[in-house]
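The sequence and coordinates come first.

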Amino acid sequence: MNYIISIIPPYSHKKMQKICKELKLPVIISMPGKGTAEQSMLDLLGIEDNDKSIVLCVANGEKTKLFFKQIHSKLNVGMPSQGIAAAIPIKSVGGEKAVDYLNSNEKNAKYIPQINTEHELIVTVANVGSTDDVMNAARKAGARGGTVIHGKGTGGAQTQKFYNLSIASEKEVILIISSAEKKADIMRSILEEAGPNTKAGALVFSLPTTQIAGFGLLEE
């Protein structure tokens, strides 16, 4: 079972919803995001804005494969500026009914994720306004781009700061898909230039993937 994160242009959102509906994928969540491409790259590709639509859904192993085939053929994911997607393996689910529901009511469903060791999803949580600092550091280590989600921490009134990161303040979550060989260098660079002891106060971690799709990460 996988938690699939898709980052696509806003104009592809309706087609994405149709794909999810046809595959009967449960727990579909959508939210706005922002790309981190530099203006020179946007100009080169003829893109006027950097807005993104982020779609989150859950799929079992078989439907994950079908989902990636559909986004390749119907949304052109894999072509420049057409989006990227990553499937994150779900380790455990609370409750038998929830497991059946997430597996499209397939009784006694079993799924052992096949981890893709070639790519990982790097997640950086930083103070608001820190995206440029994070991405500049990431690009120095070989990152090609990322997507920003704006949010707010949920710490209580007595929450203390963790270094420079106030748990309850506004946040920017930067998602970067990286090759496994560059992951450590990218994370190290972010920590050195935008880590907890800096104004950005970034916390960084990585997640494994079972399948990926997107420009520069094209699969057969």
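The text below treats the chain as a whole, then the sheet, the helices and selected residues.

**Basis**

This is a predicted model, in which local features need pLDDT of at least 70 and side-chain atom pairs count only at pLDDT 80 or more, while totals for chains, interfaces and linings use all residues. Residues are numbered from 1 along each chain as its sequence is written, and side-chain values use heavy atoms, with hydrogens and water left out.

**The chain**

The chain holds six helices and nine strands. Helices (H or I, at least four residues) and strands (E, at least two) are DSSP runs, numbered from the N terminus. Of its 220 residues, 44% count as buried. Buried stands for under 20% relative accessible area, exposed for over 50%, and partly exposed for what lies in between, with a 1.4 Å probe and protein chains only. Among contacts (heavy atoms within 4.5 Å) between residues at least 6 apart in sequence, 80% join residues at least 24 apart.

**The sheet**

Nine strands make up an open sheet, ordered β8-β5-β7-β6-β2-β3-β1-β4-β9, with antiparallel pairing. Its edge strands, β8 (203-209) and β9 (211-214), each pair on one side only. On average, neighbouring strands of this sheet are turned by 25 degrees against each other, direction ignored. Two strands pair if DSSP finds at least two bridges between them.

| Strand pair | Bridges | Facing residues |
|---|---|---|
| β1 (residues 2-8) and β3 (residues 51-59) | seven | N2 and A59 |
| β2 and β3 | six | G33 and K52 |
| β4 (residues 84-89) and β9 | four | A86 and I212 |
| β2 and β6 | two | K34 and V148 |

In a regular strand the side chains alternate between the two faces of the sheet. On β9, Q211 and A213 point one way and I212 and G214 the other way, and all are buried.

Axes are lines fitted to C-alpha atoms, for helices over the stretch in contact, and angles run from 0 to 180 degrees between N-to-C directions.

Two packed helices are described by the angle between their axes and the distance between the axes. For α1 and helix α3 (residues 61-75), the axes come within 11 Å and cross at roughly 145 degrees. The crossing of α1 and α3 is right-handed, a term for the near helix being turned clockwise from the far one by less than a right angle, with anticlockwise giving left-handed. At this contact K15, M16, I19, C20 and E22 of α1 meet F67, Q70, I71, K74 and L75 of α3.

**Helix α5 and its cover**

Which strands does helix α5 lie across? Helix α5 (residues 131-140) lies across β5 (116-127), β6 (147-152) and β7 (170-179), and runs at about 15 degrees to β7. Buried residues in α5 are T131, V134, M135, A137 and A138. Seen down the axis of α5, these buried residues fall within an arc of 160 degrees, so they line one face of the helix; the arc is that of the directions from the helix axis to the C-beta atoms. The face turned away from the buried side carries D132 and K140, which are exposed. The cover over the buried residues of α5 includes β5, β6, β7 and α6 (180-194).

S189 lies in helix α6 and counts as buried because its relative accessibility is 10%. Leaving aside neighbours within four places in sequence, S189 is in contact with A137, A138, K140 and A141. S189 and A138 are 51 residues apart in sequence and 6.2 Å apart in space, C-alpha to C-alpha.

**Positive phi angles**

Just after α5, G142 takes a positive phi of about 110 degrees. K24, although not a glycine, has a positive phi of about 55 degrees. K24 is found in the loop between α1 and β2 and counts as exposed, at 65% relative accessibility. N76 is not a glycine and has a positive phi of about 60 degrees. N76 lies in the loop between α3 and β4 and is partly exposed, with a relative accessible area of 40%.
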